[in-house]
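I open this notebook to record what I looked up in one structure. The entries follow the order in which I checked things.

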Amino acid sequence: MDITPDNEFINNSNVPGPTKEEVRCLVMCKSQVSKADVVVDVGCGTGGLTLEFAKRAKKVYAIDKNPEALKTTFKNLQKHGLDDGVDLIEADGTEVLDNLPPFDVLMVGGSGGKMDYLLKRGYKNLKSGGRIVVTSILLETPSEATMVMKDLGMEVDVVGVSISKGKISARGTMMVARNPITIVSAKKALEN
Ligand code: SAH
């Protein structure tokens, strides 16, 4: 799978991300993104996931309430020649989900305490067979996302990801732990 290395991103100290390489890899699998898909990335941050979706989807809407995040995401897309096919929207996700065309993947990388509203609104505009993926470093977010998805009648998949990377030195290789992440995902049932 073609995943951009972490060190190829332009960072901004005021913006979180990028989502680490190995986690981006799992998110791409869980989202089942493909070339015909429209993706909405709420809380695009540094653009780590936006960039991966841009490589694989037809159209991406990257949303963030922080203007610095949109600037950083744009720089990263441009650096990798992936800015075509990505619309950058400065807004709170809750304000714009209703106005977007129906989408195949709803990615939530940041919710600002509005997970319930975001998922319920997003679900309405999610195509049948569409997927929702939520990533979080917090403990509370995955449980809230799981509850909302269950209420929406979705079958939920929850994965805890704990990764350590080898730091290679003359003495040997030391495994350095990264922050655990939880990925919650679910698929909207196909209409009969
Ligand atoms: N997935 C990103 C990192 C996301 S960090 C990457 O790989 O680079 C989370 C982001 O969510 C932050 O930039 C924050 O501003 C944004 N955010 C949080 N709540 C939001 C909301 N309700 N609407 C839009 N953006 C939001």
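Predicted model: local features only at pLDDT ≥ 70, side-chain atom pairs only at ≥ 80, totals over all residues.

How many residues apart in helix H2 are Glu 52 and Arg 56, and what does that separation amount to along the helix? Glu 52 and Arg 56 are four residues apart in helix H2, which means about one helical turn between them.

I looked up the contact between the two side chains. Glu 52 and Arg 56 form a salt bridge, with 2.9 Å between the closest N and O atoms. I checked their cover, and both Glu 52 and Arg 56 are buried. Glu 52 has a further partner in Lys 55, again a salt bridge, at 2.9 Å from N to O. Lys 55 and Glu 52 sit three residues apart in helix H2, so about one helical turn separates this pair too. Lys 55 and Glu 52 are both buried.

**Entry: cover of H2**

I then went through the rest of the helix. H2 is mostly covered, with nine of its nine residues buried. Among them are Gly 48, Leu 49, Thr 50, Leu 51 and Phe 53. I asked what they pack against, and found H1, strand E1 (38-42), E2, H3, strand E3 (86-90) and E4.

**Entry: nonpolar cores**

I looked up the largest nonpolar core and found 26 residues in it. Val 23, Val 27, Met 28, Val 39, Phe 53 and Ile 183 have the most contacts inside this core. Two or more residues each come from helix H1 (21-31), helix H2 (48-56), strand E2 (59-64), helix H3 (67-79), strand E4 (103-108) and strand E9 (181-187). H2 gives the largest share, four residues. For background I note that nonpolar side chains tend to be buried together in soluble globular proteins.

I took Met 28 for a closer look. Leaving out residues up to four places away in sequence, Met 28 touches Met 1, Ile 3, Val 33, Leu 49, Glu 52, Phe 53 and Arg 56. I also found a second, separate core, which has 25 residues and includes Val 42, Val 96, Leu 106 and Val 148.

**Entry: salt bridges elsewhere**

I searched the whole structure and recorded 16 salt bridges. I picked out the one between Lys 114 and Asp 92, whose side chains meet at 2.7 Å, N to O. Lys 114 is in the loop between E4 and helix H5 (115-125), and Asp 92 is in the loop between E3 and helix H4 (93-96), so this pair ties together parts that are 22 residues apart in sequence. Lys 114 counts as partly exposed because its relative accessibility is 34%. Asp 92 counts as buried because its relative accessibility is 13%.

One network of salt bridges joins Asp 2, Asp 6, Glu 22, Arg 24, Glu 52, Lys 55, Arg 56, Lys 165 and Arg 178.

**Entry: ligand surroundings**

Which residues are closest to the ligand? I counted 21 residues around the ligand, the closest being Thr 19, Thr 46, Asp 64, Gly 93 and Gly 112. Thr 19 places a polar side-chain atom 2.7 Å from a ligand oxygen atom. For Thr 46, a backbone N or O atom lies 3.0 Å from an oxygen atom of the ligand. For Gly 47, a backbone N or O atom lies 3.2 Å from an oxygen atom of the ligand.

Definitions and conventions: Residues numbered from 1 in each chain as written. Heavy atoms only, no water. Core = buried A, V, L, I, M, F, W, Y, C linked by side-chain atoms within 4.5 Å. Buried < 20%, exposed > 50% of the residue type's maximum accessible area, 1.4 Å probe, protein only. Contact = heavy atoms within 4.5 Å. Salt bridge = Lys/Arg side-chain N within 4 Å of Asp/Glu carboxyl O. Near = heavy atom within 4 Å. Polar contact = N/O pair within 3.5 Å; in protein donor to acceptor, adjacent residues only side chain to side chain.
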